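User: I would like to learn how to read salt bridges and confidence in a protein model. Can you take me through one?

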Amino acid sequence: MASGTIVSQSKGKIICGLAVPVKSKSRPSLRFTRSPFTGGVSLGPSVLATSKTGAIAAVLSFITAQVVEEVEKPQEKVAEPHKFDFRAFMVAKAQAVNLALDKAVPLQYPMKLREAMRYSLLAGGKRVRPVLCLAACELLGGDEETAMPAACAMEMLHTMSLIHDDLPCMDNDDLRRGKPTNHKVYGEDTAVLTGDSLLSFAFEHIARETKGVPADRVVRVIAHLGKAVGSEGLVAGQIVDIASEGDSSVGIETLEYIHVHKTAVLLEASVVVGAILGGANEDEIDSLGQYARCVGLLFQVVDDILDVTKSSAELGKTAGKDLLTDKATYPKLLGLERSKVFAQNLLAKAKQQLSIFDQIKAAPLLGLADYIANRQN
């Protein structure tokens with residue numbers, strides 16, 4: 001019987017969910033009780049109704065009283081589903097990274113070199129790479145303190161790549177993160193040495209400051225980063241990028257090689273390094289590496305799109321630079337709309353790689369993928 005359906009002990013018929021007794025030689029007696037499962041109403045022999053009209057009136061009166069009782073009774077609060085505040089997460093992690101970077105590179109002799117290091121390292125930025133490192137470590141059960149030296153190293157390596165990339169012999173740019181580039185402030189010679197200093201210091205910082213992690217993991221992290229920034233990683237992408245400028249024969253495969261090695265490799269390294277420090281197994285490292293590869297390529301596709309759709313003021317760097325230097329970009333080879341579709345496909349693939357993990361714990365990495373896909377500068 002459906003919850004709340006009313007019947008009499010004698011034969012009856014259902015009218016709009018209420019059981020109405022029909023004429024019977026015996027008088028139908030009705031008792032109303034609350035269902036222990038749903039709070040609905042059922043009947044028994046304690047309430048006497050001498051006629052059909054009387055029964056209906058009794059039923060309606062009782063139901064009305066119960067409805068009033070339910071409305072006036074204090075309502076229990078229903079727990080809201082887990083909702084991850086990505087913005088608050090990014091702000092908190094970026095602040096922690098900035099404090100750690102400030103502490104890691106204090107001003108000291110020679111002052112010009114240290115000033116130049118701090119100028120670019122602390123110039124702002126979204127801190128995506130160090131946050132990826134921290135989030136991956138925490139996903140696997142590690143903590144912020146364990147991964148922070150490596151997270152800072154990722155930002156040092158990224159900043160080095162930007163300083164060198166902006167040099168006149170490379171991309172020759174005047175603006176970075178809304179400020180004059182390093183060589184514009186300190187000169188080309190100092191900018192080269194500043195990048196070199198940040199490169200070497202990144203490895204020193206991991207080796208010296210990482211605490212509570214088995215030595216074999218730390219060695220693996222250092223080896224992975226060395227490969228990521230060397231002739232099989234960042235440098236490889238950069239040299240193919242330079243060689244491809246003005247070359248109309250460059251196709252989509254070469255373009256993907258450039259961006260996988262020049263951009264995606266540091267994002268991938270950030271995630272893999274965090275996972276290693278957190279104690280990930282090989283399957284987890286593989287899934288997170290593929291996630292980061294998709295996110296890294298996504299970062300560059302979005303960067304290419306923004307370069308042709310945003311102003312320099314909005315980007316914090318020179319807009320339209322790729323077009324002026326006749327670089328191969330995704331909008332140039334695929335068109336703007338197909339580039340946007342490609343970006344959405346990369347986002348979906350990145351998220352799919354996280355499906356093996358607890359989705360609440362993976363929320364920061366899922367949020368970072370969305371953030372990269374939807375960024376405006």
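Analyst: We start with confidence, then turn to salt bridges. Keep in mind that this is a predicted model.

User: What does the chain average in pLDDT?

Analyst: The chain averages a pLDDT of 81. A score of at least 70 is reached by 74% of the residues.

User: Where is confidence lowest, and where is it highest?

Analyst: It is lowest in strand 1 (residues 12–15), with a mean of 36. It is highest in helix 7 (residues 188–209), at 98.

User: Over which residues does pLDDT stay under 50?

Analyst: Residues 1–53 are one such stretch. The model has 89 contacts beyond four places in sequence for them. Residues 70–81 also stay under 50. For residues 70–81, the model has 2 such contacts.

User: Now the salt bridges. How many does the structure hold?

Analyst: It holds 18. To call one, look for a side-chain nitrogen of Lys or Arg within 4 Å of a carboxyl oxygen of Asp or Glu. R118 and D102 form one of them, at 2.7 Å from N to O.

User: Which parts does that pair tie together?

Analyst: R118 lies in helix 3 (residues 111–121) and D102 in helix 2 (residues 86–104), so the bridge ties together parts 16 residues apart in sequence. D102 has 37% relative accessibility, so it counts as partly exposed.

User: What is the partner of E282?

Analyst: E282 forms a salt bridge with R220. Their closest N and O atoms are 3.0 Å apart. E282 sits in helix 11 (residues 282–309) and R220 in helix 8 (residues 215–229), so this pair ties together parts 62 residues apart in sequence.

User: Which residue forms a salt bridge with R293?

Analyst: That is E268, with the closest N and O atoms 2.8 Å apart. R293 is in helix 11 and E268 in helix 10 (residues 252–278). The pair links distant parts of the chain, 25 residues apart. R293 is partly exposed, at 35% relative accessible area. E268 is buried, at 15%.

User: Which residues do shared partners join into one network?

Analyst: Salt bridges that share partners join D165, D166, R176, D241 and K262.

Technical notes: Residues are numbered from 1 along each chain as its sequence is written. This is a predicted model: local features need pLDDT of at least 70, side-chain atom pairs count only at pLDDT 80 or more; totals for chains, interfaces and linings use all residues. Side-chain values use heavy atoms; hydrogens and water are left out. Helices (H or I, at least four residues) and strands (E, at least two) are DSSP runs, numbered from the N terminus. Buried means under 20% relative accessible area, exposed over 50%, partly exposed in between (1.4 Å probe, protein chains only). pLDDT is the predictor's confidence in each residue, from 0 to 100. Contact means heavy atoms within 4.5 Å.
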